[in-house]
Amino acid sequence: MSTAVSGGGGGGAAAEAPTAGPGGLRDTVRQEIVARQLDEQIGARYPVGQRLRILDVGMGQGTQALRLARAGHTVTGLESDPELLRAAREALAGEPAGIRERFRLIEGDGRETGVHFLPGSFDVVLCHGVLMYVDEPDAMLAGLARMLAPGGLLSLVVRNADALAMRPGLAGDWAGALAAFDADTCAGERGVPARADRLDTLTSTLAGIAAPLQAWYGVRVFTETVPGDEGLPAAQELDRLLAAEDRAGRTDPYRRVASLLHLCGVRG
């Protein structure tokens, strides 16, 4: 799956039709909506055509990292899971030589970025769907912020603790909904417990690590209850679905009940 990519860089982009990710419709919505939001923030901060140095921490199979490399940026992907790293290598092998040359894969832990990189080495740092599995997220976030050059963009995708009751509630699981109101963990995408974060708490954390929040979005407002193995609808219906998710993700009160939050901080 890729969207909003171009042969140049920065914010200018020509959209491609999304294709089903490993998680079917749910994963496609997540990756597509995050891509649109991220491109909006990059485009607001950097000139069109500028090639950026991008670090994707916990990149998984490399969906966003490859998309950004195709857009002309120099990308480093950091991943600790050997299976995911292997999948990313296989995907990269199918790319043109020019893209492979500006893409670097490193096996490593996102909590140890200082071992691999010098402070200020990157213009953009991505950390999507990773903090929910980290025991001490504040320390990791401080390390990620140090990787940014002044004015650099930190992009985080986290589980929204303020919306944990939505999914069981919409499914008619009233006991589950009542328990979720005061919870800060949930079943993660990997089938293991995952921590959820609150917007106010992360806003304070980002201010404390000198990368204050500049913008935030919701991700998966309407499609969180879709079965995990559901495939994509017809193209026209998918376009409408994504348009609705896109608008809801940037509009109150809808974005506040999204299953995921996308927060963008800027290094001072």
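Predicted model: local features only at pLDDT ≥ 70, side-chain atom pairs only at ≥ 80, totals over all residues.

User: Which residues other than glycine have a positive phi?

Analyst: Most residues other than glycine have a negative phi, and most peptide bonds are trans. Here, Ala210 has a positive phi of about 60°, and Arg220 has one near 65°. Ala210 is in the loop between α9 (199-208) and β8 (213-219), while Arg220 is in the loop between β8 and α10. Helices (H or I, at least four residues) and strands (E, at least two) are DSSP runs, numbered from the N terminus.

User: Is Arg220 buried or exposed?

Analyst: Buried means under 20% relative accessible area, exposed over 50%, and partly exposed in between (1.4 Å probe, protein chains only). Arg220 has a relative accessible area of 1%, so it is buried. Ala210, at 35% relative accessibility, counts as partly exposed.

User: Which peptide bond is cis?

Analyst: The bond from Asp252 to Pro253 is cis, with omega near 5°. Pro253 is located in the loop between α10 and β9 (260-266).

User: How do the axes of α1 and α10 cross?

Analyst: Axes are lines fitted to C-alpha atoms, for helices over the stretch in contact, and angles run from 0 to 180 degrees between N-to-C directions. The axes of α1 (residues 24-45) and α10 (residues 235-248) come within 10 Å and cross at roughly 55°. Angles under 35 degrees count as roughly parallel, over 145 as roughly antiparallel, 65 to 115 as roughly perpendicular and the rest as oblique. The two helices α1 and α10 are therefore oblique to each other.

User: Where is Tyr133, and what separates its C-alpha atom from that of Arg195?

Analyst: Tyr133 lies in the loop between β4 (122-128) and α6 (137-146). The C-alpha atoms of Tyr133 and Arg195 are separated by 6.5 Å, although the two are 62 residues apart along the chain. Tyr133 is partly exposed, its relative accessible area being 21%.

User: Where is Met166, and what is its relative accessible area?

Analyst: Met166 belongs to helix α7 (residues 166-170). Its relative accessible area is 35%, so Met166 is partly exposed.

Methods:
Residues numbered from 1 in each chain as written. Heavy atoms only, no water.
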